[in-house]
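This briefing is intended for a reader who is new to the structure. Please examine the sequence and the model before turning to the points that follow.

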There are 2 protein chains.
Amino acid sequence: MVRTKADAKKCCTTSETLALPDVAWAEDMAKLTWALAHPARVRIVRLLLNRTSCMCGEIVEEMPLAQSTVSQHLKILKETGLVQGEIDGPRVCYCINKEAMAKLKKLIADL
Amino acid sequence: MVRTKADAKKCCTTSETLALPDVAWAEDMAKLTWALAHPARVRIVRLLLNRTSCMCGEIVEEMPLAQSTVSQHLKILKETGLVQGEIDGPRVCYCINKEAMAKLKKLIADL
DNA sequence: GAAGCATATCGTAGATCGACGATACACAAT
DNA sequence: ATTGTGTATCGTCGATCTACGATATGCTTC
């Protein structure tokens with residue numbers, strides 16, 4: 001089972017394109033996936049998907065994290081556009097941005 | 001347009017379930033999305049998807065990064081299972097782990 | 001205006017990331 | 001065995017993440 005250089009060559013079909021995908025596209029994808037790259041943020045998103053909307057306080061109650069930490073994660077989710085926050089008096093009502101969600105799903109599905 | 005406490009209440013349908021998703025599920029999702037949470041790794045994955053397989057050196061050539069940096073990213077992709085590396089003599093042939101890829105797609109699609 | 005509640009921001013500390021060059025390792029060819 | 005090539009690992013540095021408590025902000029109510 002000695003493998004020669006010729007054998008190794010077989011593993012790579014050099015005729016296939018190697019062109020790098022668009023840098024902007026990659027950054028877009030990375031930004032969106034990064035939003036979900038932390039268990040706490042995944043749980044928050046899942047939580048919001050189960051409801052039409054949710055108050056910040058309710059999220060904090062369900063998470064084993066300090067209020068300030070949850071607020072930080074929410075900020076990240078807002079910055080990436082996955083989540084929207086609507087000020088409602090002294091509270092804030094969070095909900096999923098369905099467009100951003102659809103974009104993420106499409107990006108992954110088309111991968 | 002003064003909003004009272006009763007109005008605020010409307011924004012949240014408290015009858016909906018608030019049960020947190022499984023922690024393990026969230027960690028699973030976070031691990032996989034984190035693998036794509038960097039533009040360089042997104043580009044590498046895309047590159048591998050365009051080919052049946054690819055040598056490490058070819059990836060390095062196409063990326064504006066040092067060989068050691070690319071190797072680090074590949075290590076992360078291998079650890080998350082998205083990418084497999086097959087030793088082929090002195091070289092390593094990388095390819096996408098289709099099962100892991102399918103799992104990621106399903107996780108996102110089912111979100 | 002004062003008090004109270006909900007949320008955001010600040011400041012900090014430790015952990016991890018991301019980049020690189022230098023170096024070690026593994027295999028092939030000589 | 002030695003050399004050369006391709007890849008992985010090490011060590012380091014600055015930047016960023018994540019967590020927290022403390023504090024500021026904004027709105028409502030009294």
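Predicted model: local features only at pLDDT ≥ 70, side-chain atom pairs only at ≥ 80, totals over all residues.

Residues are numbered from 1 along each chain as its sequence is written, chains are lettered from A and ligands numbered from 1 in the order in which they are written, and side-chain values use heavy atoms, with hydrogens and water left out.

**DNA strand C**

- DNA strand C is surrounded by 25 residues, of which Gly57(A), Gln67(A), Tyr94(A), Thr69(B) and His73(B) are the closest; a residue is near a strand if one of its heavy atoms lies within 4 Å of it.
- Sugar or phosphate accounts for 69% of the atoms of DNA strand C within 4 Å of the protein, and bases account for the rest.
- Elements that each supply at least two residues of the surface near DNA strand C are α4 (56-62), α5 and β3 (91-96) of chain A, together with α5 of chain B; helices (H or I, at least four residues) and strands (E, at least two) are DSSP runs, numbered from the N terminus.
- The largest share of this surface, 5 residues, comes from α5(A).
- By class, the surface near DNA strand C has 9 nonpolar, 10 polar and 6 charged residues; Ala, Val, Leu, Ile, Met, Phe, Trp, Tyr, Cys and Pro count as nonpolar, Asp, Glu, Lys and Arg as charged, and the others, Gly among them, as polar.
- A polar backbone atom of Gly57(A) is 2.8 Å from a phosphate oxygen of DNA strand C.

**DNA strand D**

- Among the 26 residues around DNA strand D, those that come nearest are Thr69(A), His73(A), Gly57(B), Gln67(B) and Tyr94(B).
- Of the atoms of DNA strand D within 4 Å of the protein, sugar or phosphate contributes 67% and bases the rest.
- Phosphate oxygens of DNA strand D lie 2.8 Å from a backbone N or O atom of Gly57(B), 3.2 Å from a polar backbone atom of Cys56(B) and 3.5 Å from a polar backbone atom of Val92(B).
- Two or more residues of the surface near DNA strand D are given by α5 (67-80) of chain A and by α4 (56-62), α5 and β3 of chain B.

**Helices α3 and α5 of chain B**

- The axes of α3 (residues 39-49) and α5 (residues 67-80) of chain B come within 10 Å and cross at roughly 75°; the two helices are therefore roughly perpendicular, a term for angles of 65 to 115 degrees.
- Ala40(B), Arg41(B), Ile44(B) and Val45(B) of α3(B) make the contact with Val70(B), His73(B), Leu74(B), Ile76(B) and Leu77(B) of α5(B), where contact means heavy atoms within 4.5 Å.

**Two buried residues of chain B**

- Val60(B), in helix α4 of chain B, counts as buried because its relative accessibility is 18%; buried means under 20% relative accessible area (1.4 Å probe, protein chains only).
- Leaving aside neighbours within four places in sequence, Val60(B) is in contact with Leu65(B), Gln67(B) and Val70(B).
- Asn97(B), in the loop between β3 (91-96) and α6 (98-109) of chain B, also counts as buried, at 17% relative accessibility.

How values were computed
Axes fitted to C-alpha atoms, helices over the stretch in contact; angles between N-to-C directions. Parallel < 35°, antiparallel > 145°, perpendicular 65-115°, else oblique. Buried < 20%, exposed > 50% of the residue type's maximum accessible area, 1.4 Å probe, protein only. Polar contact = N/O pair within 3.5 Å; in protein donor to acceptor, adjacent residues only side chain to side chain.
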